[in-house]
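This briefing covers the pockets, cavities and nonpolar cores of one protein model. Please examine the sequence and structure shown below before reading the points that follow.

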Amino acid sequence: MLEIRRELAELRVGIVGTGFMGRVHARAVAKAGARLVGVAATSTEAALEGGRLLGAELAFESAEELIASGRIDVVHICTPNHLHAPLALKALDAGLAVVCEKPLATDAPTAALMAERAAQTGLVATVPFAYRFHAMVREARARLAEIGKVSLVQGSYLQDWLLESTDDNWRVDPALGGPGRAVGDIGSHWCDLAEFVTGDRITKVSAQTAVVVPERTGRGTVTTEDIATVQFATASGALGAMTISQVAPGRKNRLFLEISGTTGSLAFDQEHPEQLWLGGRTDSRALVRDPLTLSEAARPYSSLPAGHPQGFHDCFDAFVADTYAAVRGEHRDGLPTFAHGARAAVVTDAILESARTGGWVSC
């Protein structure tokens, strides 16, 4: 019999929030080989039920009790948005590494404060911009120089889960989700992905937003946006356009990004993540994910052989694994930190201000 030795101590993890995203986080915790020591939820009963479902060792009466327990090294915050800042700040003050769902905060100044506190403590603090972890996104980033000078960045993030007046969620309530619902919830993903792949910042925006479903059953009048269209410019001089919707019939989770340069184009569709479209003047082709042929940057995120599809869970698992590697002192390229979450909040606030004022807003 041979003993399997762990090179580093097993990380002890707590999760606040046991809903859909809490379950996604718990799966990734297990895949990373960490211990899910405890969970907290909206009540003790919810924590007990959620803890059983997620496979936690303990249920805590409150998030504060979990954070102060001394039993965990990392806390994952999977709560409604308005709780992100107070809980993340408490966790950082307690010396814990933090994984906090996006949007990092409901406004840019608060998100900046969180990023600053994380920097001051030197603790690892990350945000699940998990689409960065698709192998073909990393491939697009590695191939950017091949398309020449970028001239256009465009795409969309379309869903339909809030299409009907009977569809409801806490995100619709600005007191819980913040003033920018579609933009903060999914627009932040698109903007982060565009800036990550291009290495270029959005510097100004001109936006429109609209409420398509003005009344929701049991909630009354809706004030947070269902859709947004955004024109923008980048620091390098490229132009861009983005469309965001949570009421696009038939679109479930369609994040699409296309980048055009002077000699070629790249396009990635999250609902078809096994391929990267490469466009040229004389020919175009679909590059299929294959760890044997991908770039060095993409290969670590291509865990299965070609023809064995990878998806959202694989991306999220890779994000959490890279976060834990950082906690252990290792470097992981492209890890989205609180600084990136604060950056997304700046762009979100600029989009909302532009929609209110009807003018261009710098970001």
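Which elements each supply at least two residues of the lining of the second largest cavity? They are helix H6 (135-142), H8, strand E13 (254-261) and strand E14 (265-269). The model is a predicted one, and every value below is computed from it.

**Second largest cavity**

- The space in the second largest cavity amounts to about 50 Å³.
- Its lining consists of Val137, Ala140, Leu193, Val197, Leu257, Ile259, Leu266, Ala267, Phe268 and Leu276.
- Strand E14 provides the largest share of that lining, with 3 residues.
- The class count for this lining is 10 nonpolar residues, with no polar and no charged ones.

**Largest cavity**

- In total, the model has 4 cavities of 30 Å³ or more.
- The largest cavity has a volume of about 140 Å³.
- A set of 20 residues lines the largest cavity, and Pro103, Ala105, Thr106, Gly184 and Thr348 lie nearest its centre.
- At least two lining residues come from each of H8 and H10, and H10 gives the most, with 6 residues.
- The lining of the largest cavity comprises 9 nonpolar, 8 polar and 3 charged residues.

**Largest pocket**

- The volume of the largest pocket is about 900 Å³.
- Its lining is made up of 40 residues; Phe20, Met21, Glu101, Trp170 and Arg171 are those that lie nearest the centre of the pocket.
- Two or more lining residues come from each of helix H1 (20-31), helix H3 (63-68), helix H4 (84-93), helix H8 (181-198) and helix H9 (312-327).
- By class, the lining of the largest pocket holds 20 nonpolar, 14 polar and 6 charged residues.

**Second largest pocket**

- The second largest pocket has a volume of about 240 Å³.
- It is lined by 15 residues, and the closest to its centre are Arg132, Asp192, Glu195, Phe196 and His340.
- H8 and helix H10 (338-357) are the elements that give two or more residues to this lining.
- H8 accounts for the largest share of the lining of the second largest pocket, namely 5 residues.
- The lining of the second largest pocket divides into 4 nonpolar, 4 polar and 7 charged residues.

**Nonpolar cores**

- In soluble globular proteins, nonpolar side chains tend to be buried together.
- The largest nonpolar core in this model contains 72 residues, and Ile15, Leu36, Trp190 and Val205 have the most contacts inside it.
- H8 contributes the largest share of this core, 9 residues.
- Leaving aside residues up to four places away in sequence, Leu36 touches Val13, Gly14, Ile15, Ala26, Val29, Leu54, Gly55, Ala56 and Glu57.
- Another core, of 33 residues, lies apart from the largest one; Val16, Val37, Ala91 and Val127 are among its members.

**Helix H8 across the topics**

- H8 supplies residues to the linings of the largest pocket, the second largest pocket, the largest cavity and the second largest cavity.

Methods:
Residues numbered from 1 in each chain as written. Predicted model: local features only at pLDDT ≥ 70, side-chain atom pairs only at ≥ 80, totals over all residues. Heavy atoms only, no water. 1 Å grid on protein atoms, 1.4 Å probe; cavity = no way out; pocket = protein on both sides within 12 Å on 5 of 7 lines; lining within 4 Å. Points joined across faces, edges and corners; volume = space filled by probe spheres on them. Helix = DSSP H or I, 4+ residues; strand = E, 2+ residues; numbered from the N terminus. Nonpolar A, V, L, I, M, F, W, Y, C, P; charged D, E, K, R; others polar. Core = buried A, V, L, I, M, F, W, Y, C linked by side-chain atoms within 4.5 Å. Buried < 20%, exposed > 50% of the residue type's maximum accessible area, 1.4 Å probe, protein only. Contact = heavy atoms within 4.5 Å.
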